[in-house]
Amino acid sequence: MAAVRTSSEIGFNRIAIVAVLVVTIIFLAPIYWIASTAFKPRNLATTIPPTVVFQPEISPFVKLFAKRSQMRNPASPEEYAAAPWWERVVFDGGEKIVRDGKGQVQWSGYPSRFLNSLIVAITSTVLAVGMGTFTAYGFSRFKVKGEADLLFFILSTRMLPPVVVAIPMFLMYRAVGLNDTHVGLIILYTAFNLSFSVWLMKGFMDEIPKEYEEAALVDGYTRMEAFFRIVLPEAATGIAATAVFCFITAWNEYAFALIMTSRRAQTAPPFIPSQVGSGLPDWSVIAAGTFLFLLPVAIFTFLLRNHLLRGMSFGAIRK
Amino acid sequence: MAHIQLKNISKSFGNHTALTGLDLDIADGEFFVLLGETGAGKTTTLRLIAGLEKPSEGQVFIDGVDVADWGAAERDVALVLQQYSLYPRYTVRENLEFPLKPKIRRLPDAEIKDRVDRAARTLRIEHLLDRKTDRLSGGEMQRVSIGRAIVRKPRVFLMDEPLSALDAKLREALRTELKNLQMQLGATFLFVTHDQIEAMSMGDKVGVLNHGRIIQTGTPHEIYNNPRDTYVASFVGSPPMNLIDGKLVNGRAVMAPLNFELPFSGGAKASAATEGRPLVFGIRPEDVYLESGAPVEARVHDVENHGVEKILTLRVGDTTLRATVPARTDVAIEQPVRFAWNPDKVVLFDKGSGVSLRHAG
């Protein structure tokens, strides 16, 4: 069809574009704020009105990764001249980098917390989505006694705020020695996400015509082979959407991570604000930590964006 | 190739009974059509044979072996469905190869290629082999589904309304193709449809299914000319058989409340037992004819011109009946006409049970 447009349609289009722009700006503003603060020198991070034009600096990231301590006296000129550039930016802030006995630079707590976050979020996402996919397939394809009740029961685990059970969980975890362990957090996050994953995947599974698998069964394949060869590729969109949601939940979880972990298994969310406490808050360093923390979710979501767009419509576009 | 037998099959889903006491016998190499309305239990019957459902009662035999414990994979049947029978994301070739690659009967690669190519040639889909299935037309898709069935040389082909989703022209073409294919392969086909034209034109044998029961099994000729009851009479044929209430009085058919008489020649069958008993007279529209001196007067209620013939709806009192007449017959709506029937072709049904007297006797 030739595109014949009336003036009112063009007008509506313009309004729509403006609306999209406004909404996008509202959503991007905090991200811009974090990103720009992460590259600001410490003294510009908290100015009123905010500094918009500035010389970007890498120093907040150096401070984020290096273990530092306050200096009583500023560094001597010789010391300053001998230091590499990344050590000088720390000297500029009135701090020095902590070294061990052999003069080796010490890492700050951030990299290990970040790694913990990755381990816990990825493992719990894989577990929750994996179990959720199988469970949803079972509910979708087989006659399960009391199916409605069971599904309601699964959903009911989300009917109270998780923090309500934080204290009893903490006591139980301490009793069985799961405190401050990766396994402990993984179990918790998997449990949170499982009900969500089952429900979401059930919707996607119901959308896949059972005729596909039946054709495979008749063709000589086992139920398991049919599941892996036919159902799973068809469910990829749903799995991607579910995985993104589960990953974001696990990645951003704060309360339980704060209560259940202290050092070994601590994730990034409780760690980043804990840095506020030492000396005056260095907002640039906090912003740098937050900025890096945003990246994995952003990358993960970006990689799956095609699946997500289809997944979000919950099968509405599929024929 | 196989001989399929269903013995006293019942199947219910919860409170809903899909099939009751179903017996079916499909000979080796036969094109058997299961005809029935939506919800009659056709698909359930097919799924029971395929092994996708288990019967609540009764047994399924393939070549005389009770297959109750055999899964769908072991029964070696092929299934063609109305839709969704192709795997999305796969190309046509991959779809055709799929049935040849399961662990339980994986064929050597050369054999797979050979069979796929042969099937593609038979169905004239060679040019589509590398295309993704979502880029096929409806007719091409159904050809590929049929191809997926024939590559495997299964013991029996099960087809669940494979032509219903296609447009009329294509349906006709594929009907012929499918029938030719079956004769060429000499394979056993069980074809399920609600379309009586498909049943009549393709089937060696037709089974009419209603409310989960087989009403009648026979050749299309038997089903058409000698329906077992008024249901079959009114379901098969387009337009369906005329059914008129009446009685036999002194060898003549007397239509009761309508008050007209027609000759009846059922002789031997019109014994004393049928005399005066409430009956239903069944007559095919093509056995009703117009003639100036015929015994009954009617008015033309409606005329449908079908090209080679016209289908008239005649009105007698407040009842209508259909007559197929040659296209050259010149009639106008509301015109008075006189008609008669071919007394040899009349089928008598018992008024109460609806069963044909020939079958009851």
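Two strands pair if DSSP finds at least two bridges between them, and this is the sense in which strands are called partners in the following legends to a predicted model.

**View 1. Strands β3 and β8 of chain B.** Strand β3 (residues 31-36) of chain B runs parallel to strand β8 (residues 188-193) of chain B, and five bridges join the two. One of the residues involved is B:F32, whose bridge partner in β8(B) is B:L190.

**View 2. The six-stranded sheet of chain B.** The strands of this open sheet follow the order β6-β7-β8-β3-β9-β10 (chain B), and their pairing is mixed. Because β6 and β10 (213-218) of chain B stand at the edges with a single partner strand each, one side of each is left without a neighbour in the sheet. On average, neighbouring strands of this sheet are turned by 20° against each other, direction ignored.

**View 3. The contact between chains A and B.** Chain B contributes 18 residues to this contact, and chain A contributes 14 residues. On the side of chain B that touches chain A, the elements giving two or more residues are α2 (72-75) and β6 (77-80) of chain B, with β6(B) giving the most, at three residues. The residues of this side of chain B comprise 15 nonpolar, one polar and two charged.

**View 4. Confidence along chain A.** Chain A has a mean pLDDT of 86, with 94% of its residues at 70 or more. Within chain A, confidence is highest in helix α5 (residues 110-141), at 95, and lowest in helix α15 (residues 305-312), at a mean of 70. Over residues 314-319 of chain A pLDDT stays under 50, and for these residues the model has five contacts beyond four places in sequence.

How values were computed. Residues are numbered from 1 along each chain as its sequence is written. Chains are lettered from A and ligands numbered from 1 in the order in which they are written. This is a predicted model: local features need pLDDT of at least 70, side-chain atom pairs count only at pLDDT 80 or more; totals for chains, interfaces and linings use all residues. Two residues are in contact if their C-beta atoms, placed from the backbone, lie within 7 Å. Helices (H or I, at least four residues) and strands (E, at least two) are DSSP runs, numbered from the N terminus. Ala, Val, Leu, Ile, Met, Phe, Trp, Tyr, Cys and Pro count as nonpolar, Asp, Glu, Lys and Arg as charged, and the others, Gly among them, as polar. pLDDT is the predictor's confidence in each residue, from 0 to 100. Axes are lines fitted to C-alpha atoms, for helices over the stretch in contact, and angles run from 0 to 180 degrees between N-to-C directions.
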